[in-house]
Amino acid sequence: GMQFNAYARGLSYTSASVISFLMGCLALKQQGLNTPRGKTLFYLTMGIFYFMTGEILWTVYDLILHRDPFPSLADLFYTLAYPSFFLGLLNELRTNKINVKGVSKLFLYSLLLNSFLITCIIFYFYIYRTYDASNTFRENFYTVGYGVGDLILVVMNFFVFFLAWKEREE
């Protein structure tokens, strides 16, 4: 019943993280560290490693130790993933030098509008509404921190999508 579902969910989340990390390692091996893309892959793979470690720890706390996994060491590793993901996306954006010349104004406005709307939604639901004065500093740090980290990554991803779209047109 419910116990099986919890174990299946924990196994699927952990397996997805492990597979993602292994695929990142393979891609990194193929690209090498001395290329701009290799540097991006290094940071992203490190982020996946931290996230994977958080997933494993969360699963151990929850399903093996039967302890509430929040806040815990798992949250520290989830949090460490954000700077690595940020550096990977930043490196990709820096390497590709965004140039908006020749891009339709409608596309640029829709990109900015979508970024603004997503920012408002994430800010309201995942930053403003998650803060709880009755929680400990550590609990609020992680809950609000996840919202801030997600917000930064989502907005940066809009620009990465922009690069991909621009490359497709060229």
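Biologist: Let's start with helix α2: which of its residues are buried?

Modeller: In α2, the buried ones are Gly 38, Thr 40, Leu 41, Thr 45, Gly 47, Met 52, Thr 53, Gly 54, Glu 55, Thr 59, Tyr 61 and Leu 63. Buried means under 20% relative accessible area, exposed means over 50%, and partly exposed is in between, using a 1.4 Å probe and protein chains only. Helices (H or I, at least four residues) and strands (E, at least two) are DSSP runs, numbered from the N terminus.

Biologist: Before we go on, what kind of model is this?

Modeller: It's a predicted model, where local features need pLDDT of at least 70 and side-chain atom pairs count only at pLDDT 80 or more, while totals for chains, interfaces and linings use all residues. Residues are numbered from 1 along each chain as its sequence is written, and side-chain values use heavy atoms, with hydrogens and water left out.

Biologist: Back to α2, then. What covers its buried residues?

Modeller: The cover includes α1 (2-31) and α3. Contact here means heavy atoms within 4.5 Å.

Biologist: How many residues does α2 have, and what span does it reach?

Modeller: Helix α2 runs over residues 36-64, which is 29 residues, and it reaches 41 Å from its first C-alpha to its last. That's close to the 42 Å expected at 1.5 Å a residue; the expected span is 1.5 Å times one less than the number of residues.

Biologist: What follows α2?

Modeller: His 66 does, and its phi is positive, near 55 degrees. Most residues other than glycine have a negative phi, and most peptide bonds are trans. His 66 sits in the loop between α2 and α3. It counts as exposed because its relative accessible area is 58%.

Biologist: And which residues does a cis peptide bond join?

Modeller: Phe 70 and Pro 71, with omega at about -15 degrees. Pro 71 also has its place in the loop between α2 and α3.

Biologist: Which residues have the most contacts inside the largest nonpolar core?

Modeller: A nonpolar core is a set of buried Ala, Val, Leu, Ile, Met, Phe, Trp, Tyr and Cys residues joined through side-chain atoms within 4.5 Å. The largest one here has 13 residues, and those with the most contacts inside it are Leu 89, Leu 93, Tyr 146 and Leu 153. Helices α3 (73-96) and α5 (137-169) each supply at least two of its residues, and α3 gives the largest share, seven residues.

Biologist: What does Leu 93 touch?

Modeller: Leaving out residues up to four places away in sequence, Leu 93 touches Ile 98, Met 156, Phe 159, Val 160 and Leu 163. There's also a second, separate core of five residues, including Val 103, Leu 108, Leu 111 and Phe 158.

Biologist: Now pockets. What is the volume of the largest pocket?

Modeller: Rolling a probe the size of a water molecule over the atoms shows where empty space is left. On a 1 Å grid over the protein atoms alone, a cavity is a set of points where a 1.4 Å probe fits but cannot get out; a pocket is an open set with protein on both sides within 12 Å along at least five of seven lines, and lining residues have an atom within 4 Å of a point. Grid points are joined across faces, edges and corners, and a volume is the space filled by probe spheres set on the points. In this chain, the largest pocket has a volume of about 170 Å³.

Biologist: Which element supplies the largest share of the lining?

Modeller: That's α5, with eight residues. The lining includes Thr 79, Tyr 82, Phe 86, Tyr 142, Tyr 146 and Leu 153. It divides into nine nonpolar, three polar and no charged residues. Ala, Val, Leu, Ile, Met, Phe, Trp, Tyr, Cys and Pro count as nonpolar, Asp, Glu, Lys and Arg as charged, and the others, Gly among them, as polar.

Biologist: Is Tyr 142 buried or exposed?

Modeller: Tyr 142 is buried, because its relative accessible area is 9%. This tyrosine is found in helix α5. Not counting residues up to four places away in sequence, Tyr 142 touches Phe 70, Pro 71, Asp 75, Leu 76 and Thr 79.

Biologist: And where does Gly 147 lie?

Modeller: In helix α5 too. Gly 147 counts as buried, at 3% relative accessibility.
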